[in-house]
Amino acid sequence: MTLLQTLTGTPVGHPVVADANQTKAIYEALMQPSEKLREVDVVDFLQQQLALADHETCDVPAMPEHLEDWIGQGVGKVAEQYAAYLKERHAGAPRRFFAGRSHAMYFLQHVAPTKLVDGAWLYGMLPHWADYRFHGLIRTYLEELGDGDPALNHVSLYKKLVADVDCDPGYTLEDEYYLQGAIQLALGQHGTEFLPEVIGYNLGYEQLPLHLLITSFELNELGIDPYYFSLHVTIDNASTGHARKAAQSVLSLMPMGAERDDFYRRVIQGYKLNELGVCSTSIIKSFDLYQEVVAMLERKRTFGQHMHSDYCRLEGLTINEWLAKPEQIPGFLDALLKKGWIRRHEDPANSRFWKLIDGAGAPMFGVFSEYEKQLLWDWIAGDRLVEESAGVTSNAFRFQFRSKSAAQQELPSSVEQIDPDLQGLISALKRCAAGEKMSLLKDFMCPAMHATPAGLYATREFVKVMSENIKGLHA
């Protein structure tokens with residue numbers, strides 16, 4: 001029995017069908033080390049997703065020779081839409097995406113499963129590093145990995161972003177948010193078998209969407225570092241970036257004979273995989289501040305329902321009694337409002353409840369994460385938050401792109417001495433034959449490991465060998 005059959009409860013001899021309820025389990029299984037990955041029958045999962053994607057529509061041109069012009073036209077439309085957005089904002093319009101910081105942090109949480117495997121669909125291209133036709137795809141993957149620079153590795157950047165604003169989703173997200181990440185991981189594991197689909201998926205994913213530009217702008221406005229997103233604005237450009245490489249890869253790897261039409265049909269199918277699952281704009285629209293506050297307190301109540309003394313009562317019930325059942329949370333909030341412990345539509349600092357959770361001397365200091373506190377702050381502020389949002393000054397419109405030099409973070413030399421994976425890699429490299437080096441490095445550049453010290457080191461070595469090989473070809 002394969003691991004996928006175990007995860008889905010499918011008997012041996014029956015086809016494996018992964019529905020939305022198993023997506024998270026498949027995602028987590030695919031993020032295990034390569035020895036366990038072999039147990040997972042991801043082919044059936046991919047075929048099911050491709051069958052679903054076949055019902056989606058797309059505007060990819062019928063002739064692959066028209067791809068670059070099509071990409072250019074798409075970028076032109078996005079540029080016009082973004083210019084219109086900026087004009088609206090300068091005229092005093094409120095933010096289009098995020099009502100406040102908690103809304104933005106909610107978004108960062110819910111896109112995390114996809115962002116934490118950024119570039120994974122191209123992992124299967126690495127064995128073809130000596131074939132120039134694959135260089136555009138491999139170069140894209142290496143840039144997703146930051147060429148081994150931890151300050152430019154996309155997964156490292158996103159992990160740092162989530163840690164900086166303290167909004168790690170943990171295990172609270174539903175299965176549907178793992179679908180795109182699972183697809184990317186599955187494509188990466190079976191890149192050769194699904195080469196046309198990988199190329200097509202890459203073509204779709206590397207287009208510059210309007211939501212990326214607006215997200216970068218509004219995160220910056222809210223005091224959240226937009227570098228992860230603004231970096232994608234620059235590297236996904238249609239002139240020299242990933243979008244252009246994506247189009248060129250279609251033409252470079254397309255067969256010239258009778259299989260050409262079928263290959264391109266599969267490319268378009270791979271492109272359509274991008275349409276599955278929950279998209280960024282849907283996540284943004286799904287945010288309901290009050291419901292998120294209630295859901296957050298329902299999650300927290302299991303840890304706090306026996307931690308409060310009984311001397312304080314609200315509407316005749318102790319705090320422990322209020323927290324005894326999840327359905328009582330809305331009533332608990334109403335009781336706090338009636339008692340005056342929460343004073344909505346005012347500065348939250350005026351509320352007694354806020355003083356209990358914020359500040360070094362607060363009785364519940366450290367009980368709530370920054371995201372949880374931000375939810376409470378924004379909900380208490382209420383109309384005041386809306387007024388503050390409408391009064392944003394023009395200084396907030398200055399985009400604060402970070403340069404590579406500002407982001408540069410070299411790993412300390414002590415890491416080599418304490419990280420066992422890195423020690424093992426360096427030792428293995430000394431022992432392996434020259435012809436085995438790239439295969440060894442590739443294993444440490446998988447989606448689960450490339451952001452680790454060993455993975456970053458392997459990436460730098462891989463880039464070095466590949467560059468030397470290319471120079472040799474042109475010598």
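Start with the whole chain: of the contacts (heavy atoms within 4.5 Å) between residues at least 6 apart in sequence, 72% join residues at least 24 apart. Before you click further, note that this is a predicted model, in which local features need pLDDT of at least 70, side-chain atom pairs count only at pLDDT 80 or more, and totals for chains, interfaces and linings use all residues. Residues are numbered from 1 along each chain as its sequence is written, and side-chain values use heavy atoms, with hydrogens and water left out.

Colour by secondary structure and you get 27 helices and 2 strands. Both are DSSP runs numbered from the N terminus: helices are H or I with at least four residues, strands are E with at least two. Of the 475 residues in the chain, 51% are buried. Here buried means under 20% relative accessible area, exposed means over 50%, and partly exposed is in between, using a 1.4 Å probe and protein chains only.

**Stop 1: the core**

Select Leu108, Ile138, Tyr158, Leu187, Phe229 and Phe462: these have the most contacts inside the largest nonpolar core, which has 135 residues. Such a core is a set of buried Ala, Val, Leu, Ile, Met, Phe, Trp, Tyr and Cys residues joined through side-chain atoms within 4.5 Å. Now zoom in on tyrosine 158. What is it in contact with, leaving aside neighbours within four places in sequence? The list is Leu108, Val111, Ala112, Lys115, Leu116, Tyr228 and Phe229.

**Stop 2: helix 8**

Select residues 135–144. Helix 8 has 8 of its 10 residues buried, so it is largely enclosed by the rest of the structure. The buried set includes Ile138, along with His135 and Glu144. Just after helix 8, look at glycine 146, which takes a positive phi of about 70°.

**Stop 3: a helix pair**

Show helix 2 (residues 23–30) and helix 10 (residues 179–189): their axes come within 9 Å and cross at roughly 40°. That angle makes helix 2 oblique to helix 10. The axes are lines fitted to C-alpha atoms, for helices over the stretch in contact, and angles run from 0 to 180 degrees between N-to-C directions; under 35 degrees counts as roughly parallel, over 145 as roughly antiparallel, 65 to 115 as roughly perpendicular, and the rest as oblique.

**Stop 4: threonine 215**

Next, click threonine 215 in helix 12 (residues 210–221). Threonine 215 is buried, at 1% relative accessible area. Not counting residues up to four places away in sequence, threonine 215 touches Phe97, Phe98, Phe107 and Phe229.

**Stop 5: tyrosine 271**

Move to helix 15 (residues 260–272) and pick tyrosine 271. Is tyrosine 271 buried or exposed? With 10% relative accessibility, tyrosine 271 counts as buried. Beyond its neighbours within four places in sequence, its contacts include Cys58, Trp70 and Tyr201. The C-alpha atoms of tyrosine 271 and glutamate 56 lie 10.0 Å apart, though 215 residues separate them along the chain.

**Last stop: glutamine 374**

Finish in helix 21 (residues 370–381), where you'll find glutamine 374. Glutamine 374 is buried, with 15% relative accessible area. Leaving out residues up to four places away in sequence, glutamine 374 touches Arg101, Ser102 and Met105.
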